[in-house]
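Thank you all for coming; I would like to take a few minutes to walk through one structure, beginning with a sheet and then turning to the pockets.

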Amino acid sequence: MKKTILLLSVMLTLASTLMAQGYKISFQPKGATDGTKFYLGQHFRDKFILHDSATVTNGTFVFQGKQKLNRGVYALVDSQKKGVFDFMVDDSQIFTIAYDEKHSAASMKATGSKNCQAMFDYMAKIDYGNVKAKEIQELGKTDKAKAETQMEELRTEMNSYLDNFKKSSSNTLFGKIMNSTESVKVPETLPEGSSETNLQNWQAIYYRTHYWDNVNLKDHSLIYTPQLFDKMNLYFFGVLYYQDADTITKYAYQVLDKVVDDSTMLRYFLDFIVPKYEHATKMIGWDQVFVNITEHYYLSNKCPWSTEADRYSRRNTVEYLKPSLIGQPGIELLIPDSNQSPDPNQWISSHYFPERYVILWFWDPDCNHCKTQSEELKQLYNKMKQEGNKRFEVYAIGYEADVPKWKRTFVERQYPFVNVGGSNVNVDYQAAYNVHGAPTMIILDCDRQIILNKTIQTNSILPFLDQYEKQYPDKATRVTKWMRPSIYYRDKK
């Protein structure tokens, strides 16, 4: 009998311990209708992951599970899958939240979770400050002096509160979250001894370098907060948006190397940014960023979640993209003109032209967009020729198996370019230049290196070349071995 009682006692203790490992979050909404359904949503990037559902019964509803929840910011989600309000889940996983019909932060009370209550108190104080500021703005319409005094008092009060909050909560998850939302303070003057003379450039570099200073990237609980997603999204696709591939890669490595030992955090970043760089087909240089990051992390065995099949697929994609990346030497094409000579010695080279630049123009006679942009390209080409300033040659490849149709089209439309096409070609130009369809534009410089591998508007071509020569002034004057009449092509007039 004693053994039975002892065994029962052990089992009850074990059951109690297992329950303590789970979560139980009770909600007491004021004025809620029985039968209303709610969901427990976890923030992950810009979406909710729904973990649980509950229905209001006798004015309350409960989310409960056997496994502990990840620490982070969660959301109460209504029956329409829309967020009602956010709350905090930290080490305390058994607690109760009461709130009113308006979901006001001042009404929210979290019993059993100090961190969650701290979040509600903070939100209530911010709401208070916003309401008071609006009241003072209204007062300013009739009593400007009094309003200015009250606004200064409010500013002092709020700053004091925020300073105290920051000091008292620096080691809590909510404190880390709020700290991560602070923008880095950029110095207003150049530091002594700086080699940089342009203050604006120096500040931009400083901001990019110190952007993550206020974010505790050692705590991967932050991945379950909307703040980290906003921070990451703004950095890669805002702060770094207009930078060249080398600059984006440099700063991407800086932040990713901070989390490389935390596979959860590293995957959070890579799973979001890598697909965007891979599939942004209209963004100049982003394919290079994709290749750099993929090689540096996935193909260097720094991603433990990546399978051999995944790495094989990524390696194939990288090898496919590499030949057409900006900075790579352009592969010389040899294709016959309208005479369609079978003799390779009569085929036209894509490289030997006196012009400093060559535009490889892949077009399709059946493509309306090709026709529109080819017409614009023709007008620019003729204008430069008439002015005696033909800065580039157009090597136009007819993307069409029907040779008579291709010939008829460029003759009827009077394309003045170097027109080549047909099935005879020295290499597979689709693979050589990663051509997925038409129109596709590739620009080669005086060294016949690729400087642009995306199709841009015709009116952007000359500004692009101007900017390129500004960045690389030697390219504007240097004469190379390629800049002479084609050894294959003879101008037939």
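Before the first point, a word on terms: two strands are said to pair if DSSP finds at least two bridges between them. Please keep in mind throughout that this is a predicted model. With that in hand, strand 11, residues 357-363, and strand 14, residues 440-444, run antiparallel and are joined by five bridges, and within this pairing Trp361 stands opposite Met441 of strand 14.

These two strands belong to an open sheet of five, in the order 13-12-11-14-15, with mixed pairing. Strand 13 (418-421) and strand 15 (450-452) are at the edges with a single partner strand each, so one side of each has no neighbour in the sheet. On average, and ignoring direction, neighbouring strands here are turned by 30° against each other. Helix 12, residues 403-412, packs on this sheet, where it touches strands 11, 12 and 13, and its direction makes about 165° with that of strand 13.

Let me move on to the pockets. The largest pocket holds about 860 Å³ of space, and among its 25 lining residues, Asp244, Ala245, Ile284, Ile326 and Gln471 lie nearest its centre. Helix 14 gives the largest share of that lining, five residues, and by class the lining has 13 nonpolar, eight polar and four charged residues.

The second largest pocket has about 610 Å³ of space, and the residues closest to its centre are Thr281, Lys282, His436, Asn453 and Lys454. Here the largest share of the lining, three residues, comes from helix 10, while the classes are eight nonpolar, 13 polar and four charged.

Note on methods. Residues numbered from 1 in each chain as written. Predicted model: local features only at pLDDT ≥ 70, side-chain atom pairs only at ≥ 80, totals over all residues. Heavy atoms only, no water. Helix = DSSP H or I, 4+ residues; strand = E, 2+ residues; numbered from the N terminus. Axes fitted to C-alpha atoms, helices over the stretch in contact; angles between N-to-C directions. Contact = heavy atoms within 4.5 Å. 1 Å grid on protein atoms, 1.4 Å probe; cavity = no way out; pocket = protein on both sides within 12 Å on 5 of 7 lines; lining within 4 Å. Points joined across faces, edges and corners; volume = space filled by probe spheres on them. Nonpolar A, V, L, I, M, F, W, Y, C, P; charged D, E, K, R; others polar.
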